[in-house]
Amino acid sequence: MTLEVPADALIQLGDGDLGVAIAPRLGGKITSLRAQGHEWLTPAVPGALRQYPPGTAFAHADMSGWDEMLPTIIACEDPTRPESEVALPDHGDLWDRPWEIVDRGPRELTLRATSSSLPLTLSRRVSIERGAVCLDYQVHNGGLADVPYLWAAHPQFRCAPGTRVVLPNDVVSVVNAQQDVLGDLGEVLDWPLHGGFDLGFVRDVGARDCRKVYALPEQTVACASLVDGAGRSLTLSWDGGAVPYLGIWIDEGRYSREPVCALEPCTGFFDSLADAVRSGRCAVVAPGATRSWSLAVRFGR
């Protein structure tokens with residue numbers, strides 16, 4: 001059973017032409033990211049912002065806005081308890097539960113939530129500063145042993161057909177993160193054109209397609225942009241030392257009702273925490289310790 005959440009559960013942050021709306025009770029979801037009159041995030045179906053039972057598959061919930069994924073992206077076994085048959089849930093276990101309000105102001109909001117799977121507490125401060133939306137994160141290990149974690153931002157940016165993903169010029173290859181028509185899982189693909197197909201070009205929902213690629217794990221990427229046909233741009237930048245990996249998800253009607261792209265800076269490679277641990281490409285936080293990182297969203301035209 002789901003629970004309707006009233007509209008007044010949203011907290012609005014604003015600064016002139018820049019506005020953010022956040023739903024603390026809905027996994028801390030950022031429901032709106034508006035700059036110069038343009039909405040960048042996929043909106044929820046009217047009346048569909050709801051709390052879902054823990055463990056709900058992400059695709060069965062309302063796929064809108066910006067969620068935080070921790071401690072995994074896809075469901076997988078718990079690498080800290082290999083003998084356990086309990087799997088870490090799809091898209092982690094923070095997106096479908098209420099977050100606690102820690103601090104609040106007219107242009108900033110700090111929330112936190114604790115994982116039910118691993119002894120990790122994630123805090124996120126969202127603030128509007130000098131025309132940018134800044135997100136400052138901390139993950140704290142409240143346990144007695146080292147804990148690996150895979151955090152990823154999951155902003156579902158709405159993309160008019162013809163929008164392009166733009167990466168730094170030195171990115172010439174990416175890794176296929178799903179078994180599909182592009183090739184085998186883990187296959188290295190040319191960026192942006194692979195066999196004549198533009199991996200970063202967003203088509204309309206009639207394509208009924210989706211794809212997920214990662215920047216090469218050996219190549220730290222610390223920024224990525226979306227540029228639409230009207231010349232509007234959105235750029236994410238982050239600390240590549242603390243967040244060394246980047247995933248790119250494009251959905252052209254396979255799951256979403258409109259074209260979307262998720263630029264996903266993340267602390268593990270690729271979508272499964274268990275696989276990231278096995279490959280040694282995963283962040284780890286020591287017992288009693290806290291790790292921090294930041295991300296900024298800037299807009300242009």
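Because the model is predicted, local features are reported only at pLDDT of at least 70 and side-chain atom pairs only at pLDDT 80 or more, whereas totals for chains, interfaces and linings use all residues. Residues are numbered from 1 along each chain as its sequence is written, and side-chain values rest on heavy atoms, with hydrogens and water left out.

Eight strands form an open sheet in the order β10-β11-β12-β13-β28-β24-β23-β17, and their pairing is antiparallel. Strands here are DSSP runs of E with at least two residues, and helices are DSSP runs of H or I with at least four residues, both numbered from the N terminus; two strands are taken to pair if DSSP finds at least two bridges between them. From one strand to the next the twist averages 15 degrees, where axes are lines fitted to C-alpha atoms (for helices over the stretch in contact) and angles run from 0 to 180 degrees between N-to-C directions.

Within this sheet, strand β12 (residues 120-129) is joined to strand β13 (residues 132-141) by antiparallel pairing over 10 bridges. Across this pair, L122 stands opposite V139, and S123 stands opposite Q138. Strand β13 also pairs in the antiparallel sense with strand β28 (residues 290-300), over eight bridges, and in β28 the bridge partner of V139 is R291. Seven of the 10 residues of β13 are buried, so this strand is largely enclosed by the rest of the structure; buried means under 20% relative accessible area, exposed means over 50%, and partly exposed lies in between (1.4 Å probe, protein chains only).

The hairpin of β12 and β13 has two residues between its strands, and R130 takes a positive phi near 50 degrees there. R130 is exposed, with a relative accessible area of 79%. A positive phi near 50 degrees is also found at R208, again a residue other than glycine. R208 lies in the loop between β21 (197-198) and β22 (209-215) and is exposed, with a relative accessible area of 55%. As background, most residues other than glycine have a negative phi, and most peptide bonds are trans. Two peptide bonds may be noted in this context: the one from W191 to P192 is cis, with omega near 0 degrees, and the one from F269 to F270 is cis, with omega near -15 degrees. P192 is found in the loop between β19 (188-190) and β20 (193-194), while F270 is placed in the loop between β26 (260-266) and α1 (273-279).

On a 1 Å grid over the protein atoms alone, a pocket is an open set of points with protein on both sides within 12 Å along at least five of seven lines, a cavity is a set of points where a 1.4 Å probe fits but cannot get out, and lining residues have an atom within 4 Å of a point. Grid points are joined across faces, edges and corners, and a volume is the space filled by probe spheres set on the points. The largest pocket is lined by 18 residues, of which I74, H91, W249, Y255 and D271 lie nearest its centre. Its lining comprises nine nonpolar, four polar and five charged residues, with Ala, Val, Leu, Ile, Met, Phe, Trp, Tyr, Cys and Pro counted as nonpolar, Asp, Glu, Lys and Arg as charged, and the others, Gly among them, as polar.

The structure also holds two cavities of 30 Å³ or more. The largest cavity has a volume of about 130 Å³, and of the 17 residues that line it, L26, K29, R50, Y52 and W95 are the closest to its centre. By class, this lining has seven nonpolar, three polar and seven charged residues. The second largest cavity holds about 40 Å³ of space and is lined by A35, Q36, H38, W40, R232, F299, G300 and R301.

Finally, S233 is placed in strand β24 (residues 233-238) and is buried, with a relative accessible area of 18%. Leaving aside its neighbours within four places in sequence, S233 is in contact (heavy atoms within 4.5 Å) with W40, L226, V227, R298, F299, G300 and R301.
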